[in-house]
Amino acid sequence: MHRTTGKVAPVAQPESFEFTPEHLAEAQGIIAKYPEGRQASAVMPLLMIAQRQAEGWVPKAAMDYIAHMLGMPPVRVYEVATFYTMYNMEPVGRHHVQICTTTPCWLRGSDEIVKICEKKLGIPLGETTVDGQFTLQEVECLGACVNAPMMQITSYCKDYRDEYYEDLTPENTAEILDALAKGEFPKAGPQSGRNASEPSGSTPATIFKLDASSSVRGEQVKAGNDVAAAPGTAKNPPKLSRDDRDAGEENPAANPKPARKTTTKKSPKA
Ligand code: FES
């Protein structure tokens, strides 16, 4: 889903665009991955390269250049570039702060993250600071829901960076923005100290003990931790629903049938 926040000001468009030799080689490498006649499939990565080269946005001249390179009508490139929020149709600040506010992040406090960003930077969502250092944007799910709330910060500078900052609180969000303002790059990833998306508590999710209150496939396990007798084990195979059985029939590998007995007919005696 595409979400637009803030106003779109008229933008001064450059008259021409072409990839630098380094970006051209990168683009050609991507195009070469597609079979002859399917080069248009490279449009998305090429738009990203153009955005990096233009330091944060995709000018119209870059879309025309890519359309020509891929042999597709320019309007097809405009359609792709304007649909996805990851392509910016106007210049953004040096640090593009994209805060996810989709349901899992919202339930984990993204409203507070938006508030602290707006307060620290002195701008509402959709705006860029006067010094051109930060642009604040609200985006849809960025696929890191398990470490919600989170934000993505893309920094268009000599050392281009595109990082996720996760397990945010108003406090650690303020620290991240302070560090960026000072020209530092804080450690990306979960800010809570956990590694990647491991459980935030002390018990690994894959280790559990069966007891009277445990439930496997909706069936109560008998008291006494009789793991061997638990549903889903060889001693007590799970009852399959009609859907499960149908899936098994469609996928014989998942539900192999016993081998059929074969008998050899004796040939009649001559
Ligand atoms: S909902 Fe925020 S990353 Fe998925």
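**Close-up views of a predicted model**

**View 1. Met150 and its contacts in the predicted model.** Apart from its neighbours within four places in sequence, Met150 touches Cys100, Cys105, Leu142, Ala144, Tyr164, Tyr165, Glu166 and Leu168. The structure shown in this and the following views is a predicted model. Cys100, one of these contacts of Met150, is also one of the buried residues of strand β1, while Tyr164, another of them, belongs to β4, where it is the bridge partner of Gln152.

**View 2. The largest nonpolar core, with 20 residues.** At least two residues of the core are supplied by each of β1 (95-100), α6 (110-121), β2 (134-139), β3 (151-155) and α7 (170-181). Helix α6 provides the largest share, which amounts to four residues. In soluble globular proteins, nonpolar side chains tend to be buried together.

**View 3. Strand β1 and its partners on either pairing.** All six of the six residues of β1 are buried, and both of its faces are covered, with His95, Val97 and Ile99 on one side and His96, Gln98 and Cys100 on the other. β1 runs parallel to β2, to which it is joined by six bridges, and antiparallel to β3, to which it is joined by five bridges. His95 takes part in both pairings, for its bridge partner in β2 is Phe134 and its bridge partner in β3 is Ser155.

**View 4. Strand β3 and the hairpin to β4.** β3 is mostly covered, with four of its five residues buried. A hairpin of five residues leads from β3 to β4, and the two strands, of which β4 spans residues 161-166, pair in the antiparallel sense over five bridges. Within this pairing, Gln152 has Tyr164 of β4 as its bridge partner.

**View 5. Helices α2 and α3 where they cross.** The axes of helix α2 (residues 43-53) and helix α3 (residues 60-70) come within 10 Å and cross at roughly 140 degrees, and the crossing is right-handed. On α2 the contact is made by Val43, Leu46, Leu47 and Ala50, and on α3 by Ala62, Ile66 and Leu70. Sorted by class, the contact has seven nonpolar residues, with no polar and no charged ones.

View 6. Most residues other than glycine have a negative phi, and most peptide bonds are trans. In the loop between β2 and β3, where Pro149 is found, a cis peptide bond joins Ala148 and Pro149, with omega at about -5 degrees. Glu55, in the loop between α2 and α3, is not a glycine and yet has a positive phi of about 60 degrees; Asp167, in the loop between β4 and α7, likewise is not a glycine and has a positive phi of about 50 degrees. Are these two residues buried or exposed? Glu55 counts as exposed because it has 12 C-beta neighbours inside 10 Å, whereas Asp167 is buried because 20 other C-beta atoms lie within 10 Å.

Technical notes
Residues numbered from 1 in each chain as written. Predicted model: local features only at pLDDT ≥ 70, side-chain atom pairs only at ≥ 80, totals over all residues. Axes fitted to C-alpha atoms, helices over the stretch in contact; angles between N-to-C directions. Left-handed = near helix turned anticlockwise from the far one by under 90°. Contact = placed C-beta atoms within 7 Å. Nonpolar A, V, L, I, M, F, W, Y, C, P; charged D, E, K, R; others polar. Core = buried A, V, L, I, M, F, W, Y, C linked by C-beta atoms within 7 Å. Pairing = 2+ DSSP bridges.
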